[in-house]
Amino acid sequence: MKKLNKRILLFALVLMGSILLGTTSTVWAAKEETIEDGVYIGNVYVGGMNKEEAAEAIRAYMEDADAAVFTFSAEERQIEVEASELGIRFSDDDSVLMALDVGRSGSILKRYRDKKELEKGNKIIPMSLDIDASALRTIFEENAKKLNQEVINNGLIREKEEFRIVKGERGIEVNIEDSVAMIESYIRTEWDGKDVVLELITDVVEPIGTEEELSRVGDLLGSFQTKLSGSAQNRFDNIELATSRLDGIVLYPGEEISVGEAMGPLTAAGGYKLAGAYENGQEVQDYGGGVCQVSTTLYNAAILAELEITERFNHSMTVAYVPLSQDAAIAGNYKDLKFVNNQDAPIYIEGYTHEKELYFNIYGEETRPANREVSFVSEMVSRQEGGVQFVGTGDPAGHMAVTQESRTGYVSRLWKIVKINGIEESREIFNKSTYRATPKLIQVGTASADPNISAAIGAALATGDEATVYAAVAPYAPPAPAPTE
């Protein structure tokens with residue numbers, strides 16, 4: 001009997017709601033529909049608004065939200081990014097229609113429940129927001145150096161011919177994918193359109209290198225030196241700076257070093273000075289001039305240690321401090337020296353200058369037989385003389401000036417020779433190098449008040465023959481200065 005009474009009561013309530021809602025619907029039909037009081041779309045109050053007003057309120061909210069600042073932090077490091085850079089956008093126009101439908105759509109029972117909810121408090125329609133995940137990934141990638149703390153591996157210092165272990169530091173690295181997913185979720189479900197600080201999801205990178213591993217370093221695997229006599233002060237300073245940045249580097253098994261990166265940017269800001277360098281087959285003054293002797297000296301130590309060379313370039317022209325094919329050039333981002341520690345134990349790079357000589361030593365754990373000897377021999381395959389090139393100028397006839405000396409071009413190769421007990425066991429080509437021939441450049445003046453003289457010198461230049469040019473210019477060359485007593 002009680003169950004029957006409850007059913008009758010529920011039916012009566014539904015019928016009463018139907019009558020009330022029906023009456024209200026008649027009034028709505030007579031005027032423009034507006035959203036019920038107490039309705040929000042996300043954080044935007046839209047009660048009493050029509051469709052266009054609600055859409056405008058959301059648009060204004062998004063404009064204000066674009067100026068909000070997101071502070072992303074990774075432990076003690078952080079960056080600030082405006083919301084506008086994240087590509088946040090309102091993605092569901094149906095939210096306005098859903099707000100309009102509160103209390104007037106669906107079954108009679110749903111509409112009745114909507115009314116009761118509004119009487120008790122506010123009705124919130126979710127504001128669907130999307131974010132440009134690719135833009136956020138790019139922001140984290142471009143700011144990696146500001147956010148990440150690079151791991152410093154456990155290392156070594158060599159003092160007084162003894163090695164001492166140096167403790168490293170753990171690294172902190174932003175987990176980009178997990179952080180992007182977290183931020184997307186936060187913006188969709190919690191963000192109120194205002195400034196916010198978010199802690200990014202990070203991974204801890206522990207330093208590598210145990211005491212047992214590092215204690216294996218102690219044997220000299222490869223050593224090489226080159227002479228610095230004749231180096232101008234700026235060149236010598238550049239060599240010392242580049243060497244100091246390579247000295248003390250520890251490479252663990254499988255690790256690769258970029259010598260160019262280790263030297264740092266070859267700029268004034270990087271600490272380097274102007275000195276002689278090669279560029280497009282010519283000698284020029286450039287920042288970092290001379291550092292190629294550093295990479296060359298290290299290259300020879302590395303190949304004697306039999307490390308794996310993964311990238312090496314010869315110079316465009318020959319150098320005086322090593323034989324052909326034994327050089328290794330560094331230039332911009334297109335010529336580098338790279339090698340890998342292919343040993344089972346760490347290796348230690350030692351570099352220094354002493355009494356106008358440059359030294360590089362590579363230490364590790366010697367596993368090669370004591371009776372095994374490795375050497376490298378340079379072989380010239382062919383040569384090409386640079387010749388002479390004359391360039392006519394507007395200087396007076398008879399004027400001649402050498403602006404570039406001739407350099408011979410070569411094709412060469414480097415042989416790796418292995419001997420066991422002094423007997424050659426193998427001989428193989430280790431690298432091949434081509435060096436450009438460059439002519440001696442001589443400027444020749446052709447200007448004269450007599451057009452016949454200018455024409456005669458011009459005709460001689462056109463032949464390209466050295467004797468012909470000298471003969472044409474000789475009558476107009478200025479007299480040699482008289483000897484002084």
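**Figure 1. Open three-stranded sheet E15-E19-E18 in the predicted model**. The three strands of this open sheet follow the order E15-E19-E18 and pair in antiparallel fashion. Strand E15 (256–258) and strand E18 (308–311) form the edges, each pairing on one side only. Between neighbouring strands of the sheet the average turn is 25°, direction ignored. Strands of a sheet pair through backbone hydrogen bonds, either parallel or antiparallel.

**Figure 2. Pairing of strands E18 and E19**. Strand E19 (residues 338–340) runs antiparallel to E18, and three bridges join the two. Within this pairing, Glu311 stands opposite Lys338 in E19.

Figure 3. The side chain of Lys416 makes a polar contact of 2.8 Å with the side chain of Glu306. Neighbours within four places in sequence left aside, Lys416 is in contact with Glu306, with Val374, Ser375 and Phe376, and with Ser426, Arg427, Glu428 and Phe430.

**Figure 4. Aromatic pair Phe163–Tyr348**. The model has eight aromatic pairs. One of them, Phe163 with Tyr348, is edge-to-face, with 5.1 Å from centre to centre and 80° between the planes; planes over 60 degrees apart count as edge-to-face. Phe163 belongs to strand E9 (residues 162–166) and Tyr348 to strand E20 (residues 347–354), so the pair ties together parts that lie 185 residues apart in sequence. Phe163 counts as partly exposed because its relative accessibility is 23%, whereas Tyr348, at 4% relative accessibility, counts as buried.

**Figure 5. Cluster of aromatic rings**. Phe70, Phe72, Phe140 and Trp191 are linked into a cluster by ring pairs.

**Figure 6. Residues 19–30 and the confidence of the model**. Over residues 19–30, pLDDT stays under 50. For this stretch the model has eleven contacts beyond four places in sequence. For the protein, the mean pLDDT is 87, and 90% of the residues reach 70 or more.

Definitions and conventions
Residues numbered from 1 in each chain as written. Heavy atoms only, no water. pLDDT = per-residue confidence, 0-100. Contact = heavy atoms within 4.5 Å. Polar contact = N/O pair within 3.5 Å; in protein donor to acceptor, adjacent residues only side chain to side chain. Pairing = 2+ DSSP bridges. Helix = DSSP H or I, 4+ residues; strand = E, 2+ residues; numbered from the N terminus. Axes fitted to C-alpha atoms, helices over the stretch in contact; angles between N-to-C directions. Phe/Tyr/Trp six-rings, centres within 6.5 Å; stacked < 30°, edge-to-face > 60°. Buried < 20%, exposed > 50% of the residue type's maximum accessible area, 1.4 Å probe, protein only.
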